[in-house]
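This report describes selected side-chain surroundings in one protein structure. Please keep the sequence and the model in view while reading.

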Amino acid sequence: MNATPLMLPEAGPLRWRNVVDTPAVLIDLDVVERNIRRCQEQCDKLGVTVRPHIKTHKLPLLAHAQLAAGAVGITAQKIGEAEVMADAGIDDILITYNIVGDRKLERLRRLADRCRLSVVADSASVIEGLARAFANARSEIDVLVECDTGMQRCGVLTPEEALKLARLISDSPRLRFAGVMTYPAPGLGNAASEWLDDAARLIREAGIETQTVSSGGTPDLYAMKRHASLTEYRPGSYIYNDRSLAAAGACGVEDCALTVLTTVISSPARGRTIVDAGTKVLTSDLFGMSGYGMVLERADCSVISLNEEHGRIEYASEQAPVVGELLRIVPNHACVVSNMVDSVHLVRGEYYVRAEPVAARGQIT
C-alpha cells in the first residue's frame, strides 16, 4: 500500500479510558490511516482519482490526510462546510448540492475567489442563478450536471436531459461545463457508471468537452469495476465506516474507526441495562436494521431503543453489565454522529492522542 506519511498525530502515554468522560466519540487514527490508504489503493486500481466527501468527518486534519494520500481535492455538501475547509488551506473543492437563493449565491461567489471551486446543477433554474451570480466574476466556475441514476434525490433522469443542461452551461458566460456526476443508490454503483458512460458519450458526440465523470459512495467502493468514462470517485463514509457498512459487507467491524464511548448508569432489571448515550450522540438511523448500534465488548447486547440521554440495552447472558462499566458502540451511521458533538477524541488503539474540534459541525447552509 501507499506508505505516504499522512501527518496525523501520534499517541501519548495515557490510556483513553483514564482520560475521556462519557458519552464521547472516539476516532481510532490507526484505523483511519488504514482506511484512507485502502481507498486510495482501490481507486488507483480503478484508474480514477479520489475526491473524498468530508461530510463524514468534518475535520480539516483528516481532509489534509486524505490529500496527502493522493486525493485530488475534496467534496463538500454545503457552502458552510466548504468555507471551513477553505479556511484550513484546502484549495480544490466540489460542492455536490444545488445552490439556490441570492444569499447563498453571494457566499458562493466570495468562496470562489478563495479556492478552485466546482458546483453541480440539475435544472435550468439552478444554472441561471449561477450565471447571474458569476456574471462579473474574474474567472469561470466549473459546473457539473447532476444525474439521478437510481437514488431518487436530485439529478436529471436521462442522458438526453444531461446533454440539454450541458449545452445551457456551455452557453452561459462565466460558467464552464466540467462534466457529469451522480451519487448512486447502494448496490447500483456499477450500473450508475454505465449510465454516466452513456451520458458522457452523448455529450461528447455533440462536440462538448466532458472532462469529469464522477461517481461516489462507500457501499459500492470495493465492488466497483473499471468503467471507460469514469474519472473520479467521491467516497465519504469509508474513512470511519459504521455498522450499516459492516452489515452490507463493505467493511469489517475492525475497519470501524468511530465508536461512541458510553457508561452503564443503571441495570434496573434482569436483561436490561441503561447507558448515558441516547439520540443526542447515537443516530436514530436504522437503515433497515434492528437496534441502534453494535456493542463491541458485549456481543450478547443489543441497543434496543434511545431517548435523548438514555440508551436501552438488552442482553441475553446471565452476566449483567456493571454500573460504571464503559462500553463502546459502533453506530449505525457514522456521518450523523460526527455532526452531534463539538469535538471528538483521537486515539490510537488503547492510547489517547487529543481532543479535536469538529470544525465544520453544524454547517448546514
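## The surroundings of His53

Apart from its neighbours within four places in sequence, His53 is in contact with Thr75, Ala76, Gln77, Thr96, Arg234, Pro235 and Gly236, where contact means heavy atoms within 4.5 Å. His53 belongs to the loop between strand E2 (49-50) and helix H2 (60-68); helices (H or I, at least four residues) and strands (E, at least two) are DSSP runs, numbered from the N terminus.

His53 counts as buried because its relative accessibility is 7%. Buried means under 20% relative accessible area, exposed over 50%, and partly exposed in between (1.4 Å probe, protein chains only). The His53 side chain also reaches the backbone oxygen of Thr75, at 3.4 Å.

## Basis of the model

The model is predicted, and local features need pLDDT of at least 70, side-chain atom pairs count only at pLDDT 80 or more, and totals for chains, interfaces and linings use all residues. Residues are numbered from 1 along each chain as its sequence is written, and side-chain values use heavy atoms, with hydrogens and water left out.

## Nonpolar cores

A nonpolar core is a set of buried Ala, Val, Leu, Ile, Met, Phe, Trp, Tyr and Cys residues joined through side-chain atoms within 4.5 Å. The largest one has 98 residues, of which Ile93, Leu108 and Tyr240 touch the most other members. Helix H1 (residues 29-46) gives the most to this core, with 7 residues.

Not counting residues up to four places away in sequence, Leu108 touches Ile79, Ile95, Ile99, Leu117, Val119, Leu130, Phe134 and Ile141. A second, separate core of 7 residues includes Trp16, Val20, Ala24 and Tyr352.

## Charges over rings

A charge sits over a ring if NZ of Lys or CZ of Arg is within 6 Å of the ring centre and within 35 degrees of the ring normal. Arg38 lies over the face of Tyr222, 3.7 Å from the ring centre. The charged end of Lys78 is placed over the ring of Tyr97, at 4.7 Å from its centre.

## Cysteines

The structure holds 0 disulfides, a disulfide being a pair of cysteine sulfur atoms within 2.5 Å. The closest cysteine sulfur to that of Cys39 belongs to Cys43 and is 4.3 Å away, so the two are too far apart for a bond. Cys39 counts as buried, at 1% relative accessibility.

Cys251 is likewise in no disulfide, and the nearest cysteine sulfur, that of Cys256, is 4.3 Å away. With a relative accessible area of 11%, Cys251 is buried.

Technical notes
Polar contact = N/O pair within 3.5 Å; in protein donor to acceptor, adjacent residues only side chain to side chain.
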